[in-house]
Structure formats: structure tokens, C-alpha cells
Amino acid sequence: MGISMLPALLLLFLTGVVDALRGHQELEAEQNSSVWPWSKCRTSKCSGKEVWVRGDLSEKVPLKNCRVTENEPFTLMGKEREESTMCEETCDVTLNTAQNVTEVRVMRKSGKGAQSCQLRGNNKDLCQEACCASKCNEGKYELKAVKRGMYYFNGCKVVRQEPNRRGLKYPYARPARCAEICQVRDGEGYLEVTALRESQVPNPSCELSVFNYPVEEIGMWFIEQIETTALKLVVQSRQKDLPLLDGDTVQAFLEKIGPATVAEFKKHGFSREITAEHVVMIGDLYGQLFTLIAFLNEIKEHYADKGFKTLDESSFLFCDPSIQYVFLGDYVNWGESSVEVLLLLLAYKARCPQSLILLQGDAEGQSEWGDVFAKELKYKGHLNQADYLKRLVRNLPFVAVAPEKFMAMHGGLTPRFETKCQNKAGRFDECLDRSTGEETFFPEPVNKTRGWKKSGTRGVYNFGMDIAAGFLKSNGLSKIFRGHERDYSGFEELKEGEYSVITLTSA
């Protein structure tokens, strides 16, 4: 090495010393001063501290081996619009295995002394959303109505966050919930179902979405809930305290029972055949749940010695081929429990379809619900289900017939119905269409009147007993059971020889 090289080596040495002094000065400035631009981000201050990972996989995580990512600080606007000078560091972390992340970016204020550290928003691979990973594998649910047994979730994947909903049941928006698509073994195959769970719970309880339950299962819930609650309230004289039914459960039930009513309608049209040896007729109910319960209880006591089988979850209803219940329509309006009456009857129908015949009445057949029922639907949070109910009840029959015995309907005979359906041997499915059936809602039998008599309301023709006798004779029947009118005795019979029209009042 020659003498000529000494100046260059001396210059290199002096440059290193100056850089070292400058770095020490800047480090000292950051540690002992809060005034930038002298406060450069030079050293880590986050190692050993902890940060919260928010969201579904919430946990408190220690930071390890932190290093300053960039030496240039950045500014952050605070809540009170003051600017803070911030430093970014990258730290090693051990997280929930579902995160698949080994390091995170954190930030802290630049300045003297220790500073608190928090996660930055640019950790793209770190999930801090409400729903991050599957937690429902090996979760289970039980069916008690059909296909009884325990079922287990497998192969679950998170698909979405359930929307927060406010309503009468959840006035303050329910906690965030996650939906997972899972496989469930069903016999020799698998079903794809939706499991629901709460967010931010390490080992949550996963439940099957109500929209995946069989209609029979939901019907069983309604029967148990409405009957049991009604009985308790009667005992406590608190009939007005009937609790509200969950909107999603009502929606799921109506969506599932709808296709069954359509299938029954396509098979039988607007008429049903009564096949049981014992038949119970129940007239208009007008939303009076406790009246319905009282009738069912009285019927059960009346037939107690017959040995009829009752529905498992019901305290009142017989589910036996030897007995059928025929309801004459007008289930809603006027009373305060129209929703519960209609849903309870539909639940009975879902659980024991052969035992119930639900006829349409004018309250069900009108194009719009009455004001009273519409207000009840709105008050109880079921206005969204109104259209489902309308479509469902429009598929109910207008007439039920016990061949060679009697027929049942809501109102009465009309000129068009008599013309189209005489001499049918009670096979009214061959002659009834919707418009003909809807005309039968309002006619009334008139004693000591012959032929047809035009009524002053709705342009309806009331009928004399000669009309009723002739129609019944042509079809090999002897009686018409009907509702629609109110008679304080509960029962009125008009006769023409061996033929009669019987009006029933139940509420």
C-alpha cells in the first residue's frame, strides 16, 4: 500500500465515524425529544408488547423480534384533528392457525420514552372481520319430528356474515352471526346445510339454520310454544301477554308449507273428501286463540274413551284416522291472536295432514287482509310474511264432502254453484273454480223463503230451503254445515223435509 492511498483511507474512516455519530444523535433525539423533524424512526420499541387482533378470531398477541420497517415517519390524524408523527414496525407473531400469518405491521408514535403499539390497517392477510374461519365442524343438531336423531356438521366453510336485524325480539340489533355451509350425512348420502354461530366466540354453539329444518319440525315447535304458552297464560289470567313468534321461523315455516298446500290443491282442487268415522266441525274463530284451545280441549274430553291417538307434542289434537277436524274458515280478524290461530292450525296440518281440513272463508279469500289483521301483522313484526300467507290460504278448499252424508262450506249456495255442481255425487272438484268458490263466501239460508232472494249487500243471492233441499238431493247428501253467521246459541238448523242447513258459531 503506497503513501498515495492514505488520504483515501483516511476519508473513508472519517465518513464512517460521521455516519455513526449522526445515527447515535438521531437515536438519542428520538428517545429524548418529541419534536420532529429531528425524531426519525431508528429503533424498535414494540418488541415484548401486546396488540389486540379484532374480529372473529379475536385474541391478544405478544409482539416479537420487531424491526423498524421504514426510517421515515408518517403522520396520522387523530380524533380531535391533531396530527401525530408515527413509526411503522414489522413484528413476528404466533396467531390462531386459521390466520396463516406469521408477522404483522404495527405503528407507534415517534418520540421519547416508551410508546404504545397497535396494528396498522395495511395487514391485508390478517382477518379482523366478523367471520373469518370455520368453527362448526363436529357441531350437531337434533331432529325430533321426522328422521329423528342427531346430525353432525362436517366440511364447513364460512360463506357470509348474517345481517344485523332489529325487531321486536331484538330491539338493539342482535350480535354478529356467521353462516357456514356444511355437509350432513343423511342416510347413504349427504345434504348441504347452513350452520349459524356467533362471531368472536372461540368455541361457539352452532345451530342449523331454521330454513333447513323440515316443515314438520318447525310445526312441532309452534304447537309446543303456542299451546304451552296459552295454557300458562290462562292459568295466570294473563291472556293478553302472549309472546311474539320469531319472524325468521315464521318465514321458514310458510316457505316450506307452501309447496305442500300447492301439491294438495293440484291433486284435489277446491274440494276435499271427509273419510273419518268421527267428524268435528268448528266454525269461525276470528283470531280467538283461547277459544280454539278451549274447543280442542272439550273435544279431547268428549272422545276420551275412544282410544284415539294424540299428536306427540300436542296436549289436545287427535292424530288418528278415525277422526277429522273440519274448520269452516274465517280464522283471522277481530281477535287479537289471528297470527297464532292461523299458524297453529297450519302447524297441526303440517304434522298431521290427514286429520285437518281447513276451508277458506271470506276473511281469507279477500284480495287484501282486513285492517285489523293487517295491523296485527305489522305490530307483531310479520308484515313481510303477509304475502306468503295470502298465497297459502288461496289454495285452501271451499268445500268438504262426506259422500252420501253431508257437505261443509263457509257461506252457502249460489246460483252458479248450484248450476255447475248439481248431480255430481259430491265430487265438487270437477265443477269448482276459484271465482265460483269465492261467490259462496257470503250467501245465507233464509227460512220461509222459496227460491233465490237478492241480498242488499255485495249483490249476493240468499237461498231458500227448497234450493238447499234440491241441491243436496241431486248429490246424494242430506246436510250442509256452514259458518259465516253469528248465532248466540252457537247452533241453528233450518229444515226442509229430510234435508237441513246447520249454521255453527264458534266465536
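This is a predicted model: local features need pLDDT of at least 70, side-chain atom pairs count only at pLDDT 80 or more; totals for chains, interfaces and linings use all residues.
**View A. Helices α4 and α5 pack against each other at an angle of about 35°.** Look for α4 at residues 289–302 and α5 at residues 338–351, with their axes 9 Å apart. The crossing of α4 past α5 is right-handed. On the α4 side, the contact is made by Leu289, Leu292, Ile293 and Leu296. The α5 side brings Glu340, Val341, Leu344, Leu345 and Tyr348. By class, the residues of this contact split into 8 nonpolar and 1 charged, with no polar ones.

**View B. Strands β15, β16 and β17 form an open sheet with parallel pairing.** The order across the sheet is β15-β16-β17. At the edges sit β15 (278–282) and β17 (356–358), each of which pairs on one side only. From one strand to the next, the twist averages 15°. Helix α5, the partner of α4 in View A, also packs on this sheet, where α5 touches β16 and β17. The direction of α5 makes about 135° with that of β17. Zooming in on one pair of strands, β15 and β16 (residues 323–327) run parallel and are joined by 5 bridges. Here you can find isoleucine 282 opposite phenylalanine 327 of β16.

Technical notes. Residues are numbered from 1 along each chain as its sequence is written. Side-chain values use heavy atoms; hydrogens and water are left out. Axes are lines fitted to C-alpha atoms, for helices over the stretch in contact, and angles run from 0 to 180 degrees between N-to-C directions. Helices (H or I, at least four residues) and strands (E, at least two) are DSSP runs, numbered from the N terminus. A crossing is left-handed if the near helix is turned anticlockwise from the far one by less than a right angle, and right-handed if clockwise. Contact means heavy atoms within 4.5 Å. Ala, Val, Leu, Ile, Met, Phe, Trp, Tyr, Cys and Pro count as nonpolar, Asp, Glu, Lys and Arg as charged, and the others, Gly among them, as polar. Two strands pair if DSSP finds at least two bridges between them.
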